[in-house]
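Open your viewer, keep the sequence panel beside it, and get ready to click. This tour tells you what to select at each stop and what you will find there.

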Amino acid sequence: MGTLRYVLVFALIGCSGDDKAACTPACGTMQCGDDGCGGVCGTCGAPETCGGTGEPGVCGTPTHSCGMQQNENPVAFCETFDQPDPVGNRSGEMNGDLWGVQRIGGIVNYGQPFSWANAHVDLCGTDTPVEAESDLRICSGQLRDGTDDNLSGGFEAGGPIALTMYSKQPFDFAGRTGTFSFDVTNDSFGTHAVWPEVWVTDQPVPAPWIHFGSFISHPKNGLGIRLGNAASNTGNNQGECPNQDNLDKWRWTVDSAAVIRDFVMEDTVSEHTSDCLGAETCFTGDLNVNILDCVTEPTGPDGGFNHVEVRISQSQIDVYATDAGTTTPLKHIASITGANLSFTNGVVWIDDAHYNADKGPSDFPSQRVHTFAWDNIAFDGPLLSRHLSFDVLDSMAPIDPQAGIGTNGVFLGWDSTSTQPAALSTLPMTTDQIGAASGALLLFNFWVRDPASYTIAYSINGHAHTYAWPYPDTQGNTVRTLAIPVSLDELVAGPNAVTLGMANSPAEWAHVNIALLDAGGVVPPVTGYP
C-alpha cells in the first residue's frame with residue numbers, strides 16, 4: 001500500500017496543462033520515479049531499477065528468486081509446491097487459501113457443459129486414477145495435474161476442456177512492465193491435443209477461457225496466451241519456428257493470443273474470419289503475435305521443465321522460455337503487440353487446455369489422458385492484499401446415461417428452471433473475514449440455451465436480486481463467466497445461501513463462489529521479498 005500513497009500525494013501536488021511551467025518537482029529524497037510534474041526524479045543504472053528493493057523512489061537491485069530472472073521489482077508472489085495441502089475446496093492438494101480452481105469442458109448442450117472426465121495423473125512415476133477435486137496432486141515439490149478430455153472412451157469422442165488455476169493474490173502492473181513466471185513441462189502436440197495457457201483477468205471470474213463459439217467464457221477484461229504452437233521431431237519439420245534449430249526434437253512456441261475489453265474479444269485465431277469462429281461478437285484491431293523463436297519440449301512430466309517468463313505492459317507482452325530441462329538461456333520466443341489492455345490490476349492464471357486430443361498427430365500417441373507438471377509460480381510488483389474465496393463445492397453428481405456423452409466422469413454443476421432456481425451453500429466464512437473485505441463478488445459460470453429474458457435472478461441469504469444481461473451479444477448455447485457485486489451487509493458468518501436462475505429459461509451453473517476482496521491481508525512470499 002505504500003506505493004499507492006506516494007502516487008496519490010504526487011497527483012495532488014503535481015501540475016498539468018498551463019500550470020506545468022510553474023510546477024515544482026516533488027522529489028525530496030527520491031532518486032527516481034515520477035516528480036509530479038510530468039518528469040522524473042532521476043534514473044537508475046543497470047542492474048538497479050526504480051523501487052527494485054521494494055522502497056518507492058529508491059534505486060536498488062531487485063531480488064531474483066522463485067526462479068524469476070527478468071523482474072524489475074521484488075517478487076510479490078512465489079509458490080513452490082513444497083508440500084501437499086488437505087483437499088478442502090476445488091483446489092485439490094494446492095493451498096486453497098492461495099489458489100482457486102475450476103474445471104470447464106464437455107460437449108456443450110443441456111446437461112453436458114459442466115461434465116468432467118475421470119483421469120489418470122503421473123504422480124512422479126506412479127500412474128494414479130483421479131477424478132475432479134483430486135486431480136491436482138503434489139509430489140517431489142511440484143504440482144501435477146491429470147486430465148482426460150473424453151467421457152465415453154470412444155476414439156475421437158473427446159471435446160474441449162480446461163483446468164484453470166489462479167492465484168488469489170492480485171498482480172499489479174500499472175505504469176510498468178510486470179513479470180509473471182513459471183515452470184511447466186510443455187510437451188504439447190499442438191492445439192488439437194493438449195497445451196498450457198496463461199491468462200490475466202481484471203476479476204477472479206471462474207474459468208476464463210475461449211474455444212470458438214462453444215466456450216466464450218470471457219472475463220470483462222483480460223489477456224490470454226496459448227502456448228500450443230508445436231513442431232514435431234520428424235521430417236525436418238520447422239513448423240512456424242523462424243529457424244531450423246533442434247529439428248530432431250519436438251519444439252513449441254506461442255500459438256495465439258486473445259484480449260478481452262468490456263466483454264468483447266479480440267483473438268488472433270478468429271479475428272481474420274468472417275464469423276469470429278462461432279462467437280457473435282469479436283473485434284479486429286492491432287493485436288498481433290510475432291513468433292521469434294522456439295524451445296525444445298520435454299518428453300513428459302519427468303522430462304524436465306521449460307522455464308517461462310511473461311513480461312506484461314498495457315501495450316505489449318513479451319514471452320520468454322528455456323529449452324526443456326534448462327533454466328538458461330531465456331529465449332525471446334514471441335512478442336505480442338497492439339495489446340491495448342484495458343486494465344492494470346488483476347489475477348494470473350495457469351491452464352491445462354485440451355481439444356479432442358485423439359485428433360492430434362496420428363503418428364504419435366494420443367494426449368487425451370495427460371499430465372502437466374508445474375513449479376515456481378511467481379510474479380513481481382507491489383505486495384497487495386490477497387482475496388479470499390468461499391467455494392460452493394462441485395456437485396460431483398453421476399452423469400445421466402441418457403445424455404449420450406459417456407459416464408466416465410461426474411457432473412460438476414446444477415440445473416435450474418424458470419420456476420426452480422439452483423439452491424446452493426458456500427463454505428463457511430467468519431465475521432472477521434467479512435469485516436476485512438473491501439468488497440465482495442458472487443462468481444459463477446453458467447450455460448443457457450436461449451437467453452430470452454436476458455436477466456439473471458439470484459439471492460444471497462434470502463436477499464433477492466436481478467442482474468441485467470451484461471454482454472454485448474445475446475448468444476446462447478455457450479458457457480459464460482460472470483462476477484456480480486455483493487453487499488457485505490448481506491453476508492453472514494458461516495455458510496452463505498445462494499440461489500441462481502434465469503427467468504423464463506432453464507440454465508446450468510457451476511464454480512459458484514463468493515470472493516471477499518482484499519480480505520486476506522498482505523502476506524509476504526516465503527521467498528524473494530526484501
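Helices and strands here are DSSP runs (H or I, at least four residues, for helices; E, at least two, for strands), numbered from the N terminus. This is a predicted model, where local features need pLDDT of at least 70 and side-chain atom pairs count only at pLDDT 80 or more, while totals for chains, interfaces and linings use all residues. Residues are numbered from 1 along each chain as its sequence is written, and side-chain values use heavy atoms, with hydrogens and water left out.

**Stop 1: the whole chain**

You are looking at 2 helices and 38 strands. The radius of gyration (taken over C-alpha atoms) is 23 Å, close to the 24 Å that the globule rule gives for 530 residues, so the chain is as compact as a globular protein of that length. That rule is 2.2 Å times the number of residues to the power 0.38. Along the principal axes, the C-alpha atoms fill a box of roughly 75 × 65 × 50 Å.

Residues are called buried under 20% relative accessible area, exposed over 50%, and partly exposed in between (1.4 Å probe, protein chains only). Of the 530 residues, 57% count as buried.

What share of the contacts with a separation of 6 or more comes from residues 24 or more positions apart? The share is 72%, where contact means heavy atoms within 4.5 Å.

**Stop 2: the second largest pocket**

Select Cys 78, Glu 79, Asn 95, Leu 98 and Val 526, which lie nearest the centre of the second largest pocket. A pocket is found on a 1 Å grid over the protein atoms alone: it is an open set of points where a 1.4 Å probe fits, with protein on both sides within 12 Å along at least five of seven lines, and lining residues have an atom within 4 Å of a point. About 290 Å³ of space lies in this one. That volume is the space filled by probe spheres set on the points, with grid points joined across faces, edges and corners.

The lining has 19 residues, divided into 10 nonpolar, 4 polar and 5 charged. In this count, Ala, Val, Leu, Ile, Met, Phe, Trp, Tyr, Cys and Pro are nonpolar, Asp, Glu, Lys and Arg are charged, and the others, Gly among them, are polar. Colour strand β3 (residues 75-79) next, as β3 gives the most to the lining, with 3 residues.

Stay with Asn 95, in the loop between β3 and β4 (99-105). Its relative accessible area is 22%, so Asn 95 is partly exposed. Draw a distance from Asn 95 to Glu 79: they are 16 residues apart along the chain, and their C-alpha atoms are separated by 9.5 Å.

**Stop 3**

Zoom in on Thr 328 and Pro 329, which are joined by a cis peptide bond with omega about -5 degrees. You will find Pro 329 in the loop between β24 (317-321) and β25 (331-337).

Next, select Cys 66 in the loop between β2 (59-60) and β3. Phi of Cys 66 is near 55 degrees, a positive value in a residue other than glycine. Is Cys 66 buried or exposed? Cys 66 counts as buried because its relative accessibility is 8%.

Asn 461, in the loop between β34 (455-460) and β35 (463-468), has a positive phi too, near 50 degrees. With 24% relative accessibility, Asn 461 counts as partly exposed.

**Stop 4**

Jump to Pro 196 in strand β13 (residues 194-201). Pro 196 is buried, at 1% relative accessibility. Beyond residues up to four places away in sequence, Pro 196 touches several residues, including Val 184, Ile 225, Phe 372 and Trp 374.

Finish at Gln 367, in the loop between β26 (345-355) and β27 (369-380). Gln 367 is buried as well, at 5% relative accessibility. Leaving out residues up to four places away in sequence, its contacts include Asp 187, Phe 189 and His 354.
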